[in-house]
Amino acid sequence: MRYAQLVVGPAGSGKSTYCSTIVKHASDSKRIVEVVNLDPAAEHFDYEPLVDIRELIHLDDAMEDEELQFGPNGGLVFCIETLLENSDWLEEQLGDVDDDYILFDCPGQIELYTHLSVMRKIVDLLQGWNFRICVVFLIDSQFMVDGAKFLSGTMAALSVMVNLELPHVNVLTKMDLLTKTVRKQLDNYLDPDPHILLSDMRNAHSKWHEKYAKLTEAIGEVIENFSLVRFYPLNIKDEESIENILITIDNIIQYGEYADVKIRDFDEEDPEDNENCD
């Protein structure tokens with residue numbers, strides 16, 4: 001088997017930082033994790049990519065084409081579609097090594113994961129190349145500090161889950177940037193309790209909530225009844241936090257489950273011991 005994390009989420013949610021953090025943490029544990037950059041608009045990241053889509057096509061190339069005349073969003077979709085049309089290039093760049101563990105650092109255009117089919121087609125390709133995949137959906141914890149925003153982020157996560165139909169881990173990034181007060185408030189949301197969310201929204205005296213209270217409550221019941229969404233906090237300055245996220249994902253994709261059992265040197269029988277026993 002080969003293993004992969006499809007790292008997705010809105011722009012600015014910390015996808016590239018997450019990838020470089022996981023690579024460093026794995027390296028410190030004597031483990032090899034590679035990263036593939038699938039963002040044609042990327043300008044800077046702190047890892048050396050195994051494969052870089054910008055070597056095939058760059059967003060600027062699509063936007064500067066006088067015939068295409070794409071804007072940023074249309075250009076991103078065009079670049080990913082170009083990658084699909086050149087899937088043999090990607091397959092060759094990836095190689096074919098058993099037990100590969102690769103992070104795919106994806107673009108920050110949320111539409112690619114919520115309702116367009118292009119990322120689903122890439123998933124199908126990777127699965128055809130023997131990858132076992134987990135989607136890692138990142139969202140900035142600073143965006144999720146009140147009930148209304150948290151409910152919005154939860155619905156975005158659900159939309160990605162429905163569209164990609166893969167094992168899914170939701171991660172709240174940038175926890176290290178929160179104050180203690182905000183972090184304590186956010187703790188109530190990590191395993192979403194719709195009653196807490198709705199209570200916070202009522203207390204905010206929102207005109208929207210007053211008008212659409214029943215709709216909000218119905219969405220909250222969907223979250224509660226199906227238990228589809230849970231969020232894991234990530235503090236990149238805390239090794240235990242990073243390790244907890246990685247262990248969770250490894251368990252989901254069953255990383256290492258098929259590794260050969262290694263016999264320790266002192267477990268091996270010594271022929272001389274057998275002779276002495278005689």
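Which residue in β5 does alanine 4 stand opposite? Alanine 4 stands opposite isoleucine 133. The model is a predicted one, in which local features need pLDDT of at least 70 and side-chain atom pairs count only at pLDDT 80 or more, while totals for chains, interfaces and linings use all residues. Residues are numbered from 1 along each chain as its sequence is written, and side-chain values use heavy atoms, with hydrogens and water left out. The protein has 13 helices and 7 strands; helices (H or I, at least four residues) and strands (E, at least two) are DSSP runs, numbered from the N terminus.

**Overall make-up**

- Of the 278 residues in the protein, 43% are buried. Buried means under 20% relative accessible area, exposed means over 50%, and partly exposed lies in between (1.4 Å probe, protein chains only).
- Among contacts in the protein with a separation of 6 or more, 74% are between residues 24 or more positions apart. A contact means heavy atoms within 4.5 Å.

**The sheet**

- The 7 strands form an open sheet in the order β3-β2-β4-β1-β5-β6-β7, and their pairing is parallel. Two strands pair if DSSP finds at least two bridges between them.
- The edges are held by β3 (51-52) and β7 (231-233); each has a single partner strand, so one side of each is left without a neighbour in the sheet.
- Helix α6 (residues 118-128) packs on the sheet and touches β1 (2-8), β4 (101-105) and β5. The direction of α6 makes about 145° with that of β5. Axes are lines fitted to C-alpha atoms, for helices over the stretch in contact, and angles run from 0 to 180 degrees between N-to-C directions.
- Helix α7 (residues 147-164) also packs on the sheet, where it touches β1, β5, β6 and β7. The direction of α7 makes about 160° with that of β5.

- Why is β1 described as largely enclosed by the rest of the structure? The reason is that 7 of the 7 residues of β1 are buried.
- In a regular strand the side chains alternate between the two faces of the sheet. In β1, Arg2, Ala4, Leu6 and Val8 point one way, Tyr3, Gln5 and Val7 point the other way, and all are buried.
- β1 runs parallel to β5, and 7 bridges join the two. Valine 7 stands opposite valine 136 in β5.
- β1 also runs parallel to β4, with 5 bridges joining them. Glutamine 5 stands opposite leucine 103 in β4.

**Strands β5 and β6**

- In β5, 9 of the 10 residues are buried, so this strand is largely enclosed by the rest of the structure.
- Strand β5 (residues 131-140) is joined to strand β6 (residues 168-173) by 6 bridges, and the two run parallel.
- Phenylalanine 137 has asparagine 170 in β6 as its bridge partner. Aspartate 140 has threonine 173 in β6 as its bridge partner.

**The largest pocket**

- The largest pocket holds about 280 Å³ of space. On a 1 Å grid over the protein atoms alone, a pocket is an open set of points where a 1.4 Å probe fits, with protein on both sides within 12 Å along at least five of seven lines; lining residues have an atom within 4 Å of a point. Grid points are joined across faces, edges and corners, and a volume is the space filled by probe spheres set on the points.
- The lining has 18 residues, and Ala11, Gly12, Lys15, Asp39 and Gly108 lie nearest the centre of the pocket.
- Helix α1 (residues 15-28) gives the most to this lining, with 3 residues.
- The lining residues divide into 6 nonpolar, 8 polar and 4 charged. Ala, Val, Leu, Ile, Met, Phe, Trp, Tyr, Cys and Pro count as nonpolar, Asp, Glu, Lys and Arg as charged, and the others, Gly among them, as polar.

- Aspartate 99 is in the loop between α4 (87-94) and β4. Aspartate 99 and methionine 1 are 98 residues apart in sequence, but 5.7 Å apart in space, C-alpha to C-alpha. Not counting residues up to four places away in sequence, aspartate 99 touches Met1, Arg2 and Tyr3.
- Leucine 186 lies in helix α8 (residues 180-187) and counts as buried because its relative accessibility is 1%. Beyond four places in sequence, the residues that leucine 186 touches include Ser141, Phe150 and Met175.
- Histidine 25 is found in helix α1 and, at 8% relative accessibility, counts as buried. Leaving aside neighbours within four places in sequence, histidine 25 is in contact with Glu239, Ile242, Glu243 and Leu246.
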